[in-house]
Amino acid sequence: DKLDLAVIVGSNRRESINRRLARALVRLAGDRVQARFIRIDDLPIYNQDLEPGRTPEVHRFTAELARAEAILIVTPEHNRSIPAVLKNAIDWGSKPADRNVWRDKVVAITGASPGAIGTAVGQQHLRQVLGALGALVVGGEAYVSFKPDLVEADDRIAVEATREFLGQWLDRFLGVASRMRPLRAVA
Ligand code: FNR
């Protein structure tokens, strides 16, 4: 049956190109996944003083991640690093340390930018942060230089070479996530 896939877009922008890429990836994944887009734009700025009474949005965010079998993060690069809105969400998920929702999660990361190197530097930072939290980042690298006509209105990736590349990248990610399933069931 379908893999429960949580999708996080690292942008809070209405017309986000990363949201468009994320929708295209969900379409490419097809009936292998049950995808759920997880909101991060309604989380308060992390503050340890808020810990005794987490807001309902924070509880919803951590619960939705906790039950995911795999997580796909599609993010922009902000000033060669992780957008603050995404880092904030990661931080909420990481605390308290004994309930860090990232530990042992199978995660794939990608991202789009209008620039030539397509979020490569931001993804390096993201990879390091997720590694520190015990997430398993799989599938290899995928950097997308976004042109206005890359994703069509029906979420199809218009450029064949990009569609094939991202399709193979997704196959590796979903393949690993599927093989990890029996391990998660006994954990
Ligand atoms: C950017 N942008 C950007 N692009 C890039 O390739 N490398 C970078 O370091 C940055 N830095 C950066 C900082 C800030 C504060 C903003 C607002 C933007 C441009 C960025 O790639 C572009 O705005 C994308 O459209 C952002 O993705 P979303 O929000 O459309 O998904």
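Modeller: Quick ground rule: helices (H or I, at least four residues) and strands (E, at least two) are DSSP runs, numbered from the N terminus. By that count, residues 5-145 are 34% helix and 20% strand, and the end C-alpha atoms of the span lie 24 Å apart. This is a predicted model, where local features need pLDDT of at least 70, side-chain atom pairs count only at pLDDT 80 or more, and totals for chains, interfaces and linings use all residues. Residues are numbered from 1 along each chain as its sequence is written.

Biologist: What makes α2 roughly perpendicular to α3?

Modeller: The axes of α2 (residues 56-66) and α3 (residues 84-94) cross at roughly 75° and come within 10 Å. Roughly perpendicular covers 65 to 115 degrees, so α2 counts as roughly perpendicular to α3.

Biologist: Which residues make the contact?

Modeller: From α2 you get Val58, Phe61, Thr62 and Leu65, and from α3 Ala89, Trp92 and Gly93. Contact here is C-beta atoms, placed from the backbone, within 7 Å. These residues split into five nonpolar, two polar and no charged. Ala, Val, Leu, Ile, Met, Phe, Trp, Tyr, Cys and Pro are nonpolar, Asp, Glu, Lys and Arg charged, and the others, Gly among them, polar.

Biologist: Why is valine 58 called buried?

Modeller: Valine 58 has 20 other C-beta atoms within 10 Å. The cut-offs are 20 or more for buried, 12 or fewer for exposed, and partly exposed in between, so valine 58 is buried.

Biologist: What does valine 58 touch?

Modeller: Leu43 and Trp92, not counting residues up to four places away in sequence. The C-alpha atoms of valine 58 and glycine 93 are separated by 8.4 Å.

Note on methods. Axes fitted to C-alpha atoms, helices over the stretch in contact; angles between N-to-C directions. Parallel < 35°, antiparallel > 145°, perpendicular 65-115°, else oblique. Contact = placed C-beta atoms within 7 Å.
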